[in-house]
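Please work through the exercises below with the sequence and the coordinates at hand, and try each task before reading its solution.

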Amino acid sequence: MSELTADISGTELVGSLAVIVRGAKKYYYMGAETVKALDGIDLEIGRGEYVSIMGPSGSGKTTLFNVVGGLTKPSDGEVFIDKTDISRLGPNELAWLRCRKIGYIFQTFNLISIMTALQNVTLPMIFAGVDRGTREVRGMDLLNMVGLGDRANHKPTELSGGQQQRVAIARAFANDPAIVLADEPTGNLDLKTGMDIISLLIEMNRQRGVTIMCNTHDLKIIDASDRIVWIRDGQVSKIETKDEIEIDVGTMRQRGTGKSAEEA
Amino acid sequence: MSRGEQKSQFPISQAMLFALQGIRLRIGRMLLVLAGVAVAIAFTNVLLTTNDLFDAMGATGMEAAQGLTRVPVFRWLWMAVALLICTTGTLNAIVMSVTERVKEIGTLKCLGSRNIHIVEIFLFESVLLGLLGGILGAVIGYLAALLNFGATVGWKYLTGEIALAAAENILVCIGISAALALLASVIPVLMAARIEPAAAMRYEV
C-alpha cells in the first residue's frame with residue numbers, strides 16, 4: 001500500500017499491479033439530480049490476483065466494472081490498466097486496449113448468436129490482427145481448456161447456459177489479457193453450474209496467472225478470491241483478504257502468484 | 001508485446017459476413033423491403049425507359065404514337081413518392097436491425113471493434129438490400145417498358161437499336177437504388193456508432 005501512495009503521475013506503474021483506480025468518480029446528471037454512481041474509489045489490483053467486488057445492487061459495482069474495463073470514462077480520478085492511463089485514450093485506442101488488455105465475461109454470456117463456439121473464441125483474435133491459422137489453433141486450445149473441444153462447431157443456441165459461459169470464458173482469454181473482468185458470471189446459472197464456472201475461473205487464474213476481477217453478490221465466490229472489495233454507495237466500504245475471511249474454506253489452496261512455466 | 005498495427009482490425013469479408021447473417025436472421029422482413037425497393041425501382045425504370053424509347057423513335061414514329069406521348073409531369077411526382085417510400089422502408093428495416101442488436105454491438109465493441117467496423121456492417125446490409133432490389137427492379141422495369149411500348153405503339157417501332165440505347169437506364173436505376181440505400185443507412189449507422197460498449201451488459205435481449 002505504501003509504495004502505491006508514491007507518485008504515479010507518469011504512466012509508469014509499479015510493475016506488480018494490473019489495475020490502479022485513484023479517486024474515481026462517476027456522476028450521472030438526471031435533470032437537477034446528480035447520481036453518484038462512483039464517489040471516489042481507490043483500488044489496486046495486483047497481477048495474478050483474484051479480486052471479488054461485492055455489494056448490494058445499485059452500489060456502483062457495474063459502474064466500477066465499466067470504468068476499469070474502459071467502457072466508460074470516469075468523471076474524475078485516474079484509472080490505469082497495465083500501465084496505461086485510460087482517461088488519455090481516444091476511442092480507437094480504447095478499442096485497442098479493450099481488445100488486447102481486457103477480457104470480459106458477462107452475466108448473460110453475450111456470445112454472438114450467428115457464430116459457432118470456435119468462431120466466438122477467435123473473434124477477439126480477428127480484431128487483434130492474428131492470422132487465421134494461429135487463430136484456429138489457439139481457439140481450439142482455449143476450447144479444450146474449458147472442456148468444450150468437442151463442441152467447437154456448435155452455435156450458442158445448441159449449448160447449455162454453463163457451456164455458453166465456458167465459451168465466453170475461453171473468448172475472454174483469447175488475447176492473453178492483462179485482466180479479465182467478470183460481471184456476475186454465475187448470475188444466470190444454477191448452483192452447480194455456477195460452481196463449475198467459478199472453479200474454472202480459479203483454475204485459469206492459478207494456472208495462467210491471469211488477473212481476475214469479479215463482480216458478484218454470490219457468496220460462493222468468496223472461496224475463490226484473494227481479496228474481497230465491498231462497495232457501498234459508490235465507495236469502498238471495506239477490503240478483506242482471504243486470510244481474514246472467517247469461513248471454512250475446506251482445502252485451502254496455495255496462493256499461486258507465479259506464472260506457470262509455459263506462460264513465461 | 002504489441003503487434004505492429006496499434007489499431008484493431010476487422011476484415012471487410014467479416015463485416016460482409018455479419019451483414020449477410022443479419023439479413024438472413026430477418027429474412028422475411030428483409031424480403032418485404034427488397035420487394036418494396038424492387039417495385040419502386042421498376043416503376044422508376046418504366047418511366048425512364050418509356051421516355052427514352054419515345055425520344056429514340058424520332059419523328060417517324062410519332063404519328064403511330066399519337067396520343068401516347070411522353071410521360072406526363074405528374075408521373076415524375078409518383079416516381080419521387082415511390083422512391084421516398086422505399087427509402088423510408090429501407091431506413092426502417094436497418095434501424096430495427098440496429099436496435100435489435102444493441103447488445104451484440106456493445107459486445108463487439110467490448111471485444112475490440114472500432115466504430116468504423118460497426119458502421120461497415122450496417123452499411124453493407126443497407127447497400128446489399130439496395131443493390132439486390134435495384135437490380136431486380138431495374139430489369140423488371142426495363143422489360144415492362146419494352147412490352148408496354150411494343151403493345152401500345154407497335155412492335156415494328158421497337159428496334160433492337162433503340163431498345164439497346166434505353167438499356168442504360170438499368171444501370172442508372174441500380175445507381176439510384178444504391179445511392180438511396182446509402183442515404184437510408186446514414187441514421188441507423190450513426191445510431192450504431194453511438195452505442196456504448198457498456199450496452200453489452202443490458203439485461204433485456
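The model is predicted, and local features need pLDDT of at least 70, side-chain atom pairs count only at pLDDT 80 or more, while totals for chains, interfaces and linings use all residues. Residues are numbered from 1 along each chain as its sequence is written, and chains are lettered from A and ligands numbered from 1 in the order in which they are written.

**Exercise 1.** Determine which residues of helix H2 of chain A are buried, and what covers them.

*Solution.* Chain A holds 6 helices and 10 strands, where helices (H or I, at least four residues) and strands (E, at least two) are DSSP runs numbered from the N terminus. Of its 264 residues, 46% count as buried, a residue being buried if 20 or more other C-beta atoms, placed from the backbone, lie within 10 Å of its own. Turning to H2(A), residues 91–101, we find that 8 of its 11 residues are buried, namely Leu94(A), Ala95(A), Trp96(A), Leu97(A), Arg98(A), Cys99(A), Arg100(A) and Lys101(A). Their cover includes strands S4 (76–81), S5 (84–85) and S6 (102–105) and helix H3 (117–127) of chain A, together with helix H4 (102–111) of chain B.

**Exercise 2.** Describe the side of chain B that touches chain A by element and by residue class.

*Solution.* The contact takes 24 residues from chain B and 22 residues from chain A, with two residues in contact if their C-beta atoms, placed from the backbone, lie within 7 Å. On the side of chain B, helix H1 (12–25) and H4 each supply at least two residues, and the largest share, 5 residues, comes from H4(B). By class, this side divides into 8 nonpolar, 9 polar and 7 charged residues, with Ala, Val, Leu, Ile, Met, Phe, Trp, Tyr, Cys and Pro counted as nonpolar, Asp, Glu, Lys and Arg as charged, and the others, Gly among them, as polar.

**Exercise 3.** How are H3(B) and H7(B) oriented to each other, and which classes of residue make up their contact?

*Solution.* The axes of H3(B), residues 73–100, and H7(B), residues 168–194, come within 8 Å and cross at roughly 30 degrees. The two helices are therefore roughly parallel to each other, a label given to angles under 35 degrees. Residues of the contact include Leu83(B) and Ile94(B) of H3(B) and Leu180(B) and Met191(B) of H7(B). In total, the contact divides into 13 nonpolar, 3 polar and no charged residues.

Notes
Buried ≥ 20, exposed ≤ 12 C-beta atoms within 10 Å, placed from the backbone. Axes fitted to C-alpha atoms, helices over the stretch in contact; angles between N-to-C directions. Parallel < 35°, antiparallel > 145°, perpendicular 65-115°, else oblique.
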